[in-house]
Amino acid sequence: MGTIKPFRESSKASSNSSHPPPVTSSTARFETVNVSHDFKINGYSLNKGMGIGKYITSDTFVVGGYEWAIYFYPDGKSMEDNAAYVSIFIALVSDGADVRALFELTLFDQSGKGNHKVHSHFERRLESGPYTLKYRGSMWGYKRYFKRTVLESSDYLKDDCLSFKCVVGVVKSQTEGPKIYSITAPPSDIGQQFGKLLESRKCADVNFEVDGEIFPAHKLVIAARSPVFRAQLFGPLKDKDTRCIKVEDIEAPVFKALLHFMYWDNLPDMLELVGANSRWASTLMAQHLLAAADRYALDRLKLLCEAKLCEDIAINTVATTLALAEQHHCFQLKAACLRFIAMPENLKVTLQP
């Protein structure tokens, strides 16, 4: 029979136990959500004698997700004071439990001397912390706020009017931990997907004939982008043959650029479309495309063309661009052209015959 030997921890185990435990952390943040509310009582004297415990109330206001109101008691709130004092309270008027809040109440001195009557929790530390309102109808305030005879002979009452301001600060808390992981969502590529659909010509169900050139497209895409095409394809006065639509008064490269925008939602390469490498050719294409955008109610394309033409304003293009801006109600582009013409160095040149 073998002997039982006493168990001893290996040196490897003991070395592992000496490693410090992993450290985690979090932060609890407390702050107040503050809202102020002004409350005026016009015709104070008309409310005297309304009865002890009867009150005038302000409109409700929202702080920290809870509704509050100011209650003013002209004859006081307590029977024991025999209407000698006015009372004022700030009340929680919506459902809530253990709502913690700070308050500030100001009665304005209306003489201009600035001797306002202020009671504030915000300017000092409270030994017991913020006030806790246990349930709906809980109040904070003063039963003996002001002796009525003193109030009525003071500078706080002017033209039979009292003016109050209260600030309610609801305590809110949140606990934050370290953000170790994050997932980044890719930018939208819906324009690329529609653009590839246009390039592939798959499922195309309408052809546009422009200057003898055929452009396949998709009715639903075109109709969704342009209210003019929507009426032409699906409206009560739609074309008899919606499988092939002939487009007049527009050049093929311009219509190709129009289709590019409706699918890709951006401007095409103007120079590539016109097959030229000059700023003038690019500007000319933008001018024609702006007119087409206005014709088919493509407001975003119209603005993109305006921005392009604004960048390209020059002595040899400003007159045409200004006329185009006037014709198609492009007020920002028109203003830019007029500012360009009004520059002294340009004014002489543009006025030359």
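The model is a predicted one. The domain assignment of the protein divides it into domain 1, covering residues 30-174, and domain 2, covering residues 189-348. Between the C-alpha centres of domain 1 and domain 2 the distance is 63 Å.

Attention may now turn to a pair of helices. Two packed helices are described by the angle between their axes and by the distance between those axes. For helix H6 (residues 252-264) and helix H8 (residues 279-295), the angle is about 65° and the axes are 10 Å apart. The crossing of H6 past H8 is right-handed. On the side of H6, the contact is formed by Pro 253, Val 254, Ala 257 and Leu 258, while H8 contributes Met 285, His 288, Leu 289, Ala 292 and Ala 293. Sorted by class, this contact comprises eight nonpolar residues and one polar residue, with no charged residues.

Helix H6 also has a part in the largest pocket, to whose lining it gives five residues, the largest share. The volume of this pocket is about 410 Å³. Its lining consists of 16 residues, of which Leu 198, Glu 199, Lys 256, His 260 and Leu 273 are the closest to the centre of the pocket. Two or more lining residues come from each of helix H3 (190-200), strand S12 (213-217), H6 and helix H7 (270-274). In terms of class, nine residues of the lining are nonpolar, one is polar and six are charged.

Note on methods. Residues are numbered from 1 along each chain as its sequence is written. This is a predicted model: local features need pLDDT of at least 70, side-chain atom pairs count only at pLDDT 80 or more; totals for chains, interfaces and linings use all residues. Side-chain values use heavy atoms; hydrogens and water are left out. Axes are lines fitted to C-alpha atoms, for helices over the stretch in contact, and angles run from 0 to 180 degrees between N-to-C directions. Helices (H or I, at least four residues) and strands (E, at least two) are DSSP runs, numbered from the N terminus. A crossing is left-handed if the near helix is turned anticlockwise from the far one by less than a right angle, and right-handed if clockwise. Contact means heavy atoms within 4.5 Å. Ala, Val, Leu, Ile, Met, Phe, Trp, Tyr, Cys and Pro count as nonpolar, Asp, Glu, Lys and Arg as charged, and the others, Gly among them, as polar. Domain bounds come from an automatic or database domain assignment. On a 1 Å grid over the protein atoms alone, a cavity is a set of points where a 1.4 Å probe fits but cannot get out, and a pocket is an open set with protein on both sides within 12 Å along at least five of seven lines; lining residues have an atom within 4 Å of a point. Grid points are joined across faces, edges and corners, and a volume is the space filled by probe spheres set on the points.
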